[in-house]
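Let's take a look inside this protein together. Have the sequence and the 3D view ready, and follow along.

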Amino acid sequence: MPARISLQVPDRALLGAYETALRGGWSPNTTRNVAPEQLAAIAIDPDAFLAEIRGGPGRIRLPDGREVDRIPGPTRWIFAEDRAERPFVGSINLRWQEQDGRPVLALPEHVLGHVGYTVLPGFEGHGYATAALAAMLRVAHEAGLPEIIITCDASNHASRRIIEKNGGRLVDTFVAPLYSPDQRLRFIVSTAP
(Lines give C-alpha, C1' and ligand atoms only; values in the text may rest on other atoms or scores of the structure.)
Protein backbone atom coordinates (compact mmCIF):
# COMPACT_ATOMS: atom_id res chain seq x y z
CA MET A 1 0.00 0.00 0.00
CA PRO A 2 1.39 3.45 -0.91
CA ALA A 3 2.45 5.75 1.89
CA ARG A 4 -0.12 8.34 2.91
CA ILE A 5 1.26 11.78 3.66
CA SER A 6 0.13 15.34 4.04
CA LEU A 7 2.14 18.39 3.06
CA GLN A 8 1.69 21.10 5.66
CA VAL A 9 2.52 24.79 5.51
CA PRO A 10 5.09 25.41 8.27
CA ASP A 11 3.38 27.09 11.23
CA ARG A 12 3.66 27.55 15.00
CA ALA A 13 1.50 24.52 15.79
CA LEU A 14 3.90 22.24 13.88
CA LEU A 15 7.15 23.94 14.84
CA GLY A 16 7.82 21.70 17.86
CA ALA A 17 7.98 18.58 15.68
CA TYR A 18 10.36 20.33 13.29
CA GLU A 19 12.60 21.49 16.15
CA THR A 20 12.70 17.95 17.58
CA ALA A 21 13.92 16.64 14.22
CA LEU A 22 16.61 19.35 14.04
CA ARG A 23 17.77 18.58 17.60
CA GLY A 24 17.91 14.88 16.68
CA GLY A 25 20.55 15.56 14.03
CA TRP A 26 18.38 15.87 10.91
CA SER A 27 18.97 18.74 8.48
CA PRO A 28 16.55 19.90 5.78
CA ASN A 29 19.55 20.79 3.61
CA THR A 30 21.24 17.87 1.86
CA THR A 31 24.49 19.72 1.10
CA ARG A 32 25.32 20.99 4.59
CA ASN A 33 23.98 20.76 8.14
CA VAL A 34 21.81 23.82 8.73
CA ALA A 35 20.21 22.48 11.94
CA PRO A 36 22.26 24.65 14.35
CA GLU A 37 21.56 27.90 12.49
CA GLN A 38 17.88 27.07 12.09
CA LEU A 39 17.54 26.25 15.80
CA ALA A 40 19.21 29.59 16.60
CA ALA A 41 16.86 31.45 14.23
CA ILE A 42 13.83 29.77 15.80
CA ALA A 43 15.05 30.75 19.29
CA ILE A 44 15.48 34.40 18.25
CA ASP A 45 12.21 34.87 16.35
CA PRO A 46 10.06 31.85 15.48
CA ASP A 47 7.61 33.92 13.42
CA ALA A 48 10.38 35.41 11.26
CA PHE A 49 11.85 31.92 10.81
CA LEU A 50 8.48 30.55 9.72
CA ALA A 51 7.88 33.45 7.32
CA GLU A 52 11.24 32.84 5.68
CA ILE A 53 10.92 29.06 5.49
CA ARG A 54 7.43 29.32 3.98
CA GLY A 55 9.11 30.62 0.84
CA GLY A 56 9.36 34.31 1.47
CA PRO A 57 12.29 36.42 0.42
CA GLY A 58 15.56 35.77 2.13
CA ARG A 59 19.21 34.98 1.68
CA ILE A 60 20.95 31.62 1.65
CA ARG A 61 24.58 30.81 2.30
CA LEU A 62 26.29 28.66 -0.30
CA PRO A 63 28.98 26.08 0.56
CA ASP A 64 31.67 28.52 -0.57
CA GLY A 65 30.43 31.11 1.95
CA ARG A 66 28.73 33.45 -0.53
CA GLU A 67 25.24 34.66 0.27
CA VAL A 68 22.68 34.92 -2.51
CA ASP A 69 19.00 35.75 -2.74
CA ARG A 70 16.77 32.76 -2.24
CA ILE A 71 14.51 31.81 -5.11
CA PRO A 72 11.01 32.07 -3.67
CA GLY A 73 8.79 29.02 -3.56
CA PRO A 74 6.80 26.94 -1.12
CA THR A 75 8.33 24.72 1.53
CA ARG A 76 6.09 22.06 3.00
CA TRP A 77 6.60 19.78 5.95
CA ILE A 78 5.80 16.13 5.39
CA PHE A 79 3.67 14.25 7.90
CA ALA A 80 2.92 10.52 7.79
CA GLU A 81 -0.85 10.12 7.70
CA ASP A 82 -0.63 6.33 7.71
CA ARG A 83 0.67 6.26 11.29
CA ALA A 84 -1.54 6.90 14.29
CA GLU A 85 0.76 9.57 15.76
CA ARG A 86 1.02 11.47 12.39
CA PRO A 87 4.76 12.11 12.85
CA PHE A 88 6.82 14.75 11.09
CA VAL A 89 8.91 12.81 8.58
CA GLY A 90 10.66 15.43 6.46
CA SER A 91 10.59 18.50 4.29
CA ILE A 92 10.15 19.28 0.60
CA ASN A 93 10.39 22.53 -1.30
CA LEU A 94 9.70 23.85 -4.76
CA ARG A 95 11.49 26.83 -6.28
CA TRP A 96 11.38 28.51 -9.66
CA GLN A 97 12.23 31.70 -11.47
CA GLU A 98 9.87 33.78 -13.52
CA GLN A 99 10.29 35.74 -16.70
CA ASP A 100 7.60 38.22 -17.72
CA GLY A 101 5.44 36.90 -14.88
CA ARG A 102 5.59 33.29 -16.06
CA PRO A 103 7.56 30.41 -14.54
CA VAL A 104 10.56 29.22 -16.53
CA LEU A 105 12.55 25.99 -16.47
CA ALA A 106 15.92 27.78 -16.18
CA LEU A 107 17.58 27.96 -12.76
CA PRO A 108 20.63 29.89 -11.53
CA GLU A 109 23.93 28.01 -11.26
CA HIS A 110 23.66 27.53 -7.48
CA VAL A 111 20.18 25.92 -7.69
CA LEU A 112 20.52 22.34 -8.90
CA GLY A 113 16.81 21.59 -9.27
CA HIS A 114 13.28 22.83 -8.77
CA VAL A 115 12.54 20.42 -5.94
CA GLY A 116 14.55 19.46 -2.90
CA TYR A 117 13.43 16.97 -0.30
CA THR A 118 14.78 15.10 2.68
CA VAL A 119 13.25 12.55 5.01
CA LEU A 120 14.33 11.72 8.56
CA PRO A 121 16.49 8.58 8.58
CA GLY A 122 13.99 6.59 10.65
CA PHE A 123 11.32 7.09 7.97
CA GLU A 124 13.40 6.43 4.84
CA GLY A 125 12.35 3.54 2.65
CA HIS A 126 8.64 3.74 3.51
CA GLY A 127 7.48 5.69 0.44
CA TYR A 128 7.08 9.08 2.15
CA ALA A 129 9.48 10.94 -0.16
CA THR A 130 7.86 9.33 -3.22
CA ALA A 131 4.41 10.45 -2.06
CA ALA A 132 5.67 13.94 -1.14
CA LEU A 133 7.28 14.41 -4.56
CA ALA A 134 4.05 13.31 -6.27
CA ALA A 135 2.14 15.90 -4.23
CA MET A 136 4.70 18.64 -4.99
CA LEU A 137 4.46 17.88 -8.71
CA ARG A 138 0.78 18.86 -8.47
CA VAL A 139 1.81 22.14 -6.81
CA ALA A 140 4.34 22.75 -9.61
CA HIS A 141 1.65 22.09 -12.22
CA GLU A 142 -0.72 24.55 -10.52
CA ALA A 143 2.08 27.14 -10.49
CA GLY A 144 2.35 26.82 -14.27
CA LEU A 145 5.45 24.64 -14.59
CA PRO A 146 4.79 21.94 -17.22
CA GLU A 147 7.96 20.13 -16.17
CA ILE A 148 10.67 20.46 -13.58
CA ILE A 149 14.30 19.54 -13.08
CA ILE A 150 15.30 17.31 -10.18
CA THR A 151 18.85 16.20 -9.41
CA CYS A 152 20.48 13.72 -7.09
CA ASP A 153 23.93 12.37 -6.40
CA ALA A 154 24.78 9.54 -8.80
CA SER A 155 25.43 7.32 -5.77
CA ASN A 156 22.02 8.08 -4.20
CA HIS A 157 20.09 5.11 -5.56
CA ALA A 158 17.12 5.69 -3.23
CA SER A 159 16.60 9.24 -4.48
CA ARG A 160 16.95 8.10 -8.07
CA ARG A 161 14.18 5.52 -7.51
CA ILE A 162 11.95 8.20 -5.94
CA ILE A 163 12.41 10.46 -8.97
CA GLU A 164 11.90 7.62 -11.46
CA LYS A 165 8.74 6.42 -9.66
CA ASN A 166 7.38 9.91 -10.28
CA GLY A 167 8.14 9.75 -14.01
CA GLY A 168 11.62 11.27 -13.97
CA ARG A 169 13.55 10.90 -17.21
CA LEU A 170 17.35 10.98 -16.90
CA VAL A 171 18.74 13.68 -19.21
CA ASP A 172 22.39 13.93 -18.21
CA THR A 173 25.17 13.40 -15.71
CA PHE A 174 27.09 16.42 -14.47
CA VAL A 175 29.36 17.78 -11.75
CA ALA A 176 28.43 20.80 -9.63
CA PRO A 177 31.83 22.00 -8.35
CA LEU A 178 30.18 24.45 -5.96
CA TYR A 179 28.85 21.49 -3.97
CA SER A 180 31.29 18.62 -4.60
CA PRO A 181 33.35 16.85 -7.26
CA ASP A 182 30.86 13.97 -7.25
CA GLN A 183 28.78 12.99 -10.26
CA ARG A 184 25.14 14.04 -10.18
CA LEU A 185 22.14 12.97 -12.23
CA ARG A 186 19.70 15.44 -13.78
CA PHE A 187 16.12 14.39 -14.47
CA ILE A 188 13.22 16.10 -16.21
CA VAL A 189 9.83 15.30 -14.66
CA SER A 190 6.49 16.18 -16.21
CA THR A 191 4.00 17.82 -13.86
CA ALA A 192 1.01 16.75 -15.96
CA PRO A 193 -1.61 14.91 -13.88
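## A buried arginine and some aromatic rings

Setting aside neighbours within four places in sequence, Arg 184 is in contact (heavy atoms within 4.5 Å) with Leu 112, Cys 152, Asp 153, Ala 154, Asp 172, Thr 173, Phe 174, Ala 176 and Tyr 179. A quick note: this is a predicted model, where local features need pLDDT of at least 70, side-chain atom pairs count only at pLDDT 80 or more, and totals for chains, interfaces and linings use all residues. Residues are numbered from 1 along each chain as its sequence is written, and side-chain values use heavy atoms, with hydrogens and water left out.

Is Arg 184 buried or exposed? Buried means under 20% relative accessible area, exposed over 50%, and partly exposed in between (1.4 Å probe, protein chains only). Arg 184 has 8% relative accessibility, so it counts as buried. Its side chain also makes a polar contact with the side chain of Asp 153, at 2.9 Å. For that label, a pair of N or O atoms must be within 3.5 Å; within protein, one must be able to donate a hydrogen and the other to accept it, and residues adjacent in sequence count only if both atoms are side-chain atoms.

Now for the rings. Those of Phe, Tyr and Trp (its six-membered ring) pair if their centres lie within 6.5 Å; planes under 30 degrees apart count as stacked, over 60 as edge-to-face and the rest as tilted. By this rule there are eight aromatic pairs, including these:

| Pair | Centre to centre | Between planes |
|---|---|---|
| Trp 26 and Phe 88 | 5.4 Å | 80°, edge-to-face |
| Trp 77 and Phe 88 | 6.0 Å | 90°, edge-to-face |

Both Trp 77 and Phe 88 are buried.
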